[in-house]
Amino acid sequence: MRIRQNRAEILTNAKICGKYHKLIIKDAKISRNSRPGQFLMLKVGDSQGPLLRRPLSIHRVDKEKIEMLYERIGPGTEILAQRKAGEFLDVIGPLGNGFTLPPESRESEAVLLAGGMGVAPLVFWAQRLVAGKRKSAGDRIQVFIGARTKEQILCEKEFKKLGCDVKIATDDGSAGFFGRVTGLLEAALQTMDCQRIIVYACGPQPMLRELVRICRKKLISSQVSLEEHMACGIGACLGCVVNTIDGYKRVCKEGPVFEAKKLIY
Amino acid sequence: MTPDLKIKIGRTHFKNPVMVASGTFGYAEEFADLLDLKKLGAIVSKTITVKPRQGNIPPRTCETPAGLINSIGLENPGIDGFIENKLPVLKKFGPPIIVSIASEGDPGEFVILAKRLDKLSAVTALEINISCPNVKDAGKNLKTKLISQDPKATYAVVKAVRRVTGKTLITKLSPNVTDIVEIAQAAQDAGSDALALINTVQGMAIDIKTRQPKIAMVVGGLSGPAIRPIALRMVWEVYRKVGIPIIGMGGIADTESALEFFIAGASAISVGTQNFIDPGVSVKIVSGISKYLQKNKINSLKKLVGTLECKI
Ligand SMILES: Cc1cc2nc3c(=O)[nH]c(=O)nc-3n(C[C@H](O)[C@H](O)[C@H](O)COP(=O)(O)OP(=O)(O)OC[C@H]3O[C@@H](n4cnc5c(N)ncnc54)[C@H](O)[C@@H]3O)c2cc1C
Ligand SMILES: Cc1cc2nc3c(=O)[nH]c(=O)nc-3n(C[C@H](O)[C@H](O)[C@H](O)COP(=O)(O)O)c2cc1C
Ligand code: FES
């Protein structure tokens, strides 16, 4: 699929809660070609910096609109948060491979595992899974969301609206399961047929590492969306590699979504 | 009247003096959707070694003020993989192809690479990369890490490559030296047709929370606007003492910064890190140079080269 660079109009750039923001831009061509799990590279600042573009996942698309969710964690995302509706943002995308439906998915159930901001691409993926439902046998998509506190749980409503079965874990126990979301998932797996599920995951590295370990132990098939520092985002600099059983692979090009069983992680 | 942007380096004619720097443009196919590749003066490939290299352990990049530190470690498919899979695609894009080559500790590998590439008509020129800070290219008996940190070793490698190829030869030098002029002179004496200045500046960055280096190999190569003053200074120093053409690079981000290099003495320029931020920047620089020359009533770019007006 063609990659485009464009100056896209900002329609909304607003705080949702705490350090979390929602950004909506208008770009019909990029929107039309986007798949769940893909991302954009955004030029957040001007010549004053920061120098590099910032990668953000595509959270949802709606006609010509592209939604993203981001957390203010450093200078780049702070500057992005100051950009106003009506301004233009230089974006490159859609980038990366995205989630895929493996052949065995017809008989399997989808389990989505999201940690913190990791919900962003998984909402888009859940939409696609629900839209393609009649084709696959899975009844209800099970979603596990992990967050630090109750306030930081994102997109619970969106998943419920899609008819997903949502379970929550918080690090401080302020909502749902008290502990790591991978702990919650592992408990739930006790009653599931591990050969009949596919886990799709996005979130912080410790969560993904734990998931990869669980999937390896129980022989569960899983696709995980990784993050690595990116200079180019288009496969040119070879900076964003992750180690796999087939050697180093570029997270921006062969990823960001990888089969868990291929990762040396 | 459109100003004349053509340049000649060695036996090669380039329709304009704007190139893309090795390692920052992949094998060009990555950029095919994002700019009109035909308009580039030349494409320089990622550096190729005899054997495939998997490169350094990640993390390999980090951002610093106005800069980027990288420690890719010359990941590449090796000469066979390059000729088989990359070159056929590269040559279709139009501009002359300059293939960057490096050794992994045995300078004899340069000769092997040059001989292989000499036979291929799709290859216009060779860039001898003896300046990558992320590998040790020098042989065991050399005290320095890099060939380009030693004038005698530089001379020997360039001379050996010169003997086996008639193709245009560019030698890419490291800024991590005390006297760049001495090294540049050695490359010229050995028969290099041009010099590429500069490769990255060694640097590092630390995460104070974890007290870990921000890139796994600790030290990497700094590029981007942060190194532009260093690069410009080296181009100027070399221009004053050495006769062969200079391809200037280091932090070029727009037409203005490109023009600085021509005025300092570069005959051509290469865009590196800025390709990541603004993939079309090189093409914009080509037309920007044209406009500047027109405005200043200069009919040929050659007349701008080395026109620094200074009191010393
Ligand atoms: C494919 C992909 C998709 C992403 N999707 C989202 C998303 O939907 N929402 C969201 O909030 N964040 C997302 N991230 C992480 C986001 O890119 C970083 O949080 C952001 O770049 C931080 O920039 P900063 O200047 O604010 O922070 P700083 O920490 O100051 O950034 C310094 C440098 O490190 C890089 N960096 C820092 N953290 C990360 C990280 N986790 N991953 C990659 N590079 C990083 C920055 O890009 C920058 O080059 C994604 C990352 C990747 C690779
Ligand atoms: C990610 C990255 C990879 C690079 N790889 C190579 C390489 O393989 N061979 C080489 O000669 N130079 C390599 N360089 C150096 C550039 O070609 C250039 O000399 C340097 O980055 C300075 O220019 P800039 O500031 O415009 O980037 C690399 C630079 C970067 C940022
Ligand atoms: S970020 Fe440059 S190759 Fe992935």
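Start with the fold of chain A: 6 helices and 16 strands. Helices here are DSSP runs of H or I with at least four residues, strands are runs of E with at least two, and both are numbered from the N terminus. Before going on, the ground rules. This is a predicted model, so local features need pLDDT of at least 70, side-chain atom pairs count only at pLDDT 80 or more, and totals for chains, interfaces and linings use all residues. Residues are numbered from 1 along each chain as its sequence is written, chains are lettered from A and ligands numbered from 1 in the order in which they are written, and side-chain values use heavy atoms, with hydrogens and water left out.

Overall dimensions next. The C-alpha trace of chain A spans about 55 × 40 × 35 Å along its principal axes. Its radius of gyration is 18 Å, which agrees with the value near 18 Å for a compact globule of 265 residues. That radius is taken over C-alpha atoms, and the globule rule is 2.2 Å times the number of residues to the power 0.38. Of the 265 residues in chain A, 57% are buried. Buried means under 20% relative accessible area, exposed means over 50%, and partly exposed is in between, with a 1.4 Å probe and protein chains only.

Now ligand 1. Which residues come nearest? Among the 20 around ligand 1, they are Pro55(A), Leu69(A), Gly76(A), Thr77(A) and Glu227(A). A residue counts as near when one of its heavy atoms lies within 4 Å. The site is shared between chains, because residues from both A and B surround ligand 1.

Polar contacts, then. The term means a pair of N or O atoms within 3.5 Å; within protein, one must be able to donate a hydrogen and the other to accept it, and residues adjacent in sequence count only if both atoms are side-chain atoms. A polar backbone atom of Pro55(A) sits 2.6 Å from an oxygen atom of ligand 1. Gly76(A) brings a backbone N or O atom to 2.7 Å from a ligand 1 oxygen. His229(A) uses its side chain instead: an N or O atom there is 3.3 Å from an oxygen atom of ligand 1. Taken alone, ligand 1 exposes 820 Å², and the protein buries 85% of that. Those areas come from the Shrake-Rupley method with a 1.4 Å probe; for residues, only the protein chains shown count as cover.

What builds the shell? Strand E4 (54–57), strand E6 (65–71) and helix H2 (75–82) of chain A each give two or more residues to the shell around ligand 1. E4(A) gives the largest share, 4 residues. By domain, at least three shell residues come from each of domain 1 (4–95) and domain 2 (109–262) of chain A. The domain bounds come from an automatic or database assignment.

On to ligand 2. This one lies between chains A and B. Of the 24 residues around ligand 2, the nearest are Ser22(B), Thr47(B), Lys172(B), Gly251(B) and Thr273(B). Gly251(B) has a backbone N or O atom 2.6 Å from an oxygen atom of ligand 2. For Gly272(B), again a backbone N or O atom, the distance to a ligand 2 oxygen is 3.1 Å. Lys46(B) reaches in with its side chain, placing an N or O atom 2.9 Å from an oxygen atom of ligand 2. How much is covered? The protein covers 98% of the 600 Å² of accessible area that ligand 2 has on its own.

One buried side chain in chain B: Asn176(B), at 18% relative accessible area. Asn176(B) is in the loop between strand E9 (168–172) and helix H4 (180–189). Its side chain reaches the backbone nitrogen of Gln202(B) at 3.0 Å. A polar atom of that side chain also lies 3.3 Å from the backbone oxygen of Thr200(B).

Last, backbone geometry. Most residues other than glycine have a negative phi, and most peptide bonds are trans. Here are some exceptions. Gly93(A) to Pro94(A) is cis, with omega near -10°, and Pro94(A) is in strand E7 (residues 88–95). Lys63(A) has a positive phi of about 50° and is exposed at 71% relative accessibility. Leu74(B) also has a positive phi, about 55°, but Leu74(B) is buried at 4%.
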